Amino acid sequence: MDSTWDILQLELPSAIWETLIMIGISLAASLVFGLLIGLILYLSSSPLFFPRRTLNAVMGVLVNVIRSVPFVILLVLLIPLTKLIVNTTIGPVAASVPLAFASVAFFARLVEGAFSEVDKGVLEAAIATGAGLGLILRKVLFVEAMPGLIRATTVTVISLIGYSAMAGLVGGGGIGDLAIQYGYYRYETGVMIATVLLLIVIVQGAQFVGDWCARVFTRK
Amino acid sequence: MVIVLDKVNVIFKQKGRKMHAVKEASITVGKGEIFGIVGPSGAGKSTLVRVINLLQPPASGQVMVGGQDITRFKGAALRNVRLKIGMIFQHFNLISGATVYNNIAFALKANNYPKEKIRARVLELLKQVNLSDKAQVYPANLSGGQKQRVAIARALANDPEILLCDEATSALDLENTEEIIRILRRINRDNPITIVFITHEMDVARKLFDRIAVMAEGEIVEVGDTYQIFTEPQHPLTQSLVSRVLNIEVPEHLELKGQEEMLKITYTGERAYEPLISKVSKEFDVLVDILHGKIEYIQGKPLGILLIKLSGEAAEIARARDYISGQVFKIERISAAKEGGELNG
C-alpha cells in the first residue's frame, strides 16, 4: 500500500491539471454562449428593448430543460454528442462537453438576473439620449451589470468545481475524482482529507477573487 | 422647437386590466417657452411628458415636434429626433459605473460626435453646470444637486432644442432645487431652448414656468399663463393646488361678533404696494384689523393676500367693502373657521 504522500505526489498534479481543463473549457463556453443566451433572454423579456414573448419562452424552456436534468444523467445522455464533437468519450476534454452544457444554462440564468437588476431608469435615460442599441449595451447595460456578472461568474466557477467531481464517472479525472477514487473507494482517508482541503482552498480563493473584482466594479 | 400633442391617449394593459393613463391630452408648447405640467401624483404627468420623446408611445393621437409628425417614428429616425430632445429625471439616472466625464461623453458618442472633440465639449459642459472639478468622480460621490447638474450637462450635450424634465427637483432639498431652477432659467435665457417640466411642487411652478397645464386623472383640466393660473384658478384642483402656495390660515378661536366682518383680499401687480388699509381706516368709520397677510412673487410679479377684519356699523362696513372691491383684484367674505382650519382659494 502506497503512503498518502506517494499517492498525492503521483496523482495530484495531473488531477489539478484535469480540473483546470474542465473548468477552463466550460467557463469559456459559459462566458461566450451563456452570456449571449442570458442577454437574449433579458432583451426579449424587457419592455425597454425587444419584447419577444415566443423567443423568450422557447429559450427559457430550453435552458430549464438542461437545468432540470440531474448532472449525472446529463453526463451520460450527452455521450453521443460528446463523441461527435470531440471524437472521444473519455478524459477531461470529453467531460467538458456535458459540463459546458450544464454551466452555459446555469450561467445564462444568472446573467439574465444580473441584467434585470440594472436600474430601468438609467437604461431609459440612455435610450432618451438617442443612443443606438450597441452603445447602450456596451456603455450602460454591461457597465451597470458588471458587479452582478462577476458574481455570477464566481458562482458558476464554484459550481463547476463541484460538478467536475462527477465527471470522474466518464473518466474525466480531476481533483474531485481523485477524492472519490482513492479516498472513498480505496479508503485512503489521508487522500480524501487532502483533496477536500485543497477543494476548500480553491473554492475560498475563487470566492475571494470574485468578491474583490465585484467590489472594484461597484461604484455605489 | 414647437411641441404639439394632439388628442394623445395612453393606455396601459396590466394583467388584463386597462389603465387609461392619459386621456385626450392636447397641448402646444411654444419655442423657447418654459412649460410646466402640474398635478397630483398619478395624474399621468410623467406619462404625458414621456410621450414627447416616445419613451411612451401613445395608443392614439399625434405627437408633433418642430413641425414634424413623429408619432410613428422608429429606429434611426426616432433616435435622430431624440438627439434633439434632452431629458432629466427625478432620480438623475446616471450610469453608476461610469465617471461624470463618461456619463456626459456617452450622450456625445450617441451622436457620433468627433472623437477628438469629445474631451473639450465635456469640459465645456461641466463648466456650464459648475462641476469642472468633478470630471473623474463617480456619481455615488456626488450630492443630489450635483448629480442633477451632471444629468443636465448630459441632456444638453448635443445642443437639444427641447429639454424634458420629469420631476427634476422632487428628490432635491430646497437649496438644490433653487440651484437647478437658476440653471434652467439661465439655459433658457442664453439659448432659447423649449423646456417642458413636470412637477407636483407649486413652488417650483411659480418660480420657473411661463405657462402651466394642470393635469388630473389623465386629463388636462386647465392651461394658462402662470400668473393667471395663480391668480384666477378655474378648476377646483387648480384652486386647491394654488391655495397651498398662497394659503392663509384663519387664526384659531377667532369668533366674529355681530358688527364684524372678515375679508380675504387678493391684490396683484402694482397695486400690491398701495397703502390700501390706512386709506380705508381713514376714510370710513371702521376699524381694520390685519389678521394675516403675505406677498408671493410669481414670475417676479407680486401677488398679495391679506386677511382683514372690519368692525363697525353694518352700512359702513358695506361701504368700506365696496371701496376695497374697486381697488383690489379679488375680495372674498370669509366666515370664521370652527377649528381655525385652512382657507382654500
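This is a predicted model: local features need pLDDT of at least 70, side-chain atom pairs count only at pLDDT 80 or more; totals for chains, interfaces and linings use all residues.
Student: What places B:Glu124 and B:Arg121 about one turn of the helix apart?

Tutor: Both belong to helix H4 (residues 115–128) of chain B, and 3 residues separate them.

Student: And why is the pair B:Glu124 and B:Arg121 called a salt bridge?

Tutor: The term asks for a side-chain nitrogen of Lys or Arg within 4 Å of a carboxyl oxygen of Asp or Glu. The closest N and O atoms of B:Glu124 and B:Arg121 are 3.2 Å apart, so the pair meets the rule.

Student: Why does B:Arg121 count as buried, and what makes B:Glu124 partly exposed?

Tutor: Buried means under 20% relative accessible area, exposed over 50%, and partly exposed in between (1.4 Å probe, protein chains only). B:Arg121 has 8%, so it is buried. B:Glu124 has 42%, so it is partly exposed.

Student: Which other salt bridge does B:Arg121 make, with B:Asp159 or elsewhere?

Tutor: With B:Asp159, at 3.3 Å from N to O. This pair links distant parts of the chain: B:Arg121 sits in helix H4 of chain B and B:Asp159 in the loop between helix H5 (144–156) and strand E7 (162–166), 38 residues apart. B:Asp159 is partly exposed because its relative accessibility is 49%.

Student: How do you know that chain A and chain B are in contact?

Tutor: Contact means heavy atoms within 4.5 Å. By that test 20 residues of chain A meet 22 residues of chain B. The two chains bury about 1800 Å² between them, 64% of it on carbon and sulfur atoms; buried area is the accessible area (1.4 Å probe) that two parts lose on being put together, summed over both. A:Ala128, A:Thr129 and A:Arg219 supply 31% of what chain A buries against chain B, more than any other three residues.

Student: Where does B:Gln56 lie, and why does it count as buried?

Tutor: B:Gln56 is in the loop between helix H1 (45–52) and strand E4 (60–65) of chain B. B:Gln56 is buried because its relative accessibility is 13%. Leaving out residues up to four places away in sequence, B:Gln56 touches B:Val10, B:Phe12, B:Thr47, B:Arg50 and B:Val51.

Student: How is chain B divided into domains, and what do the domains bury between them?

Tutor: Domain 1 covers 3–244 and domain 2 covers 248–343, bounds that come from an automatic or database domain assignment. Taken over C-alpha atoms, their centres are 40 Å apart. The contact takes 9 residues from domain 1 of chain B and 11 residues from domain 2 of chain B. Together they bury about 950 Å², 53% of it on carbon and sulfur atoms. B:Arg206, B:Tyr227 and B:Thr231 supply 66% of the area on the domain 1 side, more than any other three residues.

Student: Why are B:Arg206 and B:Glu296 said to meet in a salt bridge?

Tutor: Their side chains come to 3.2 Å, N to O, so they too fall under the salt-bridge rule. The count between the two domains is 1 salt bridge. Salt bridges that share partners join B:Glu178, B:Asp203, B:Arg206, B:Lys207, B:Lys294 and B:Glu296 into one network.

Definitions and conventions: Residues are numbered from 1 along each chain as its sequence is written. Chains are lettered from A and ligands numbered from 1 in the order in which they are written. Side-chain values use heavy atoms; hydrogens and water are left out. Helices (H or I, at least four residues) and strands (E, at least two) are DSSP runs, numbered from the N terminus.
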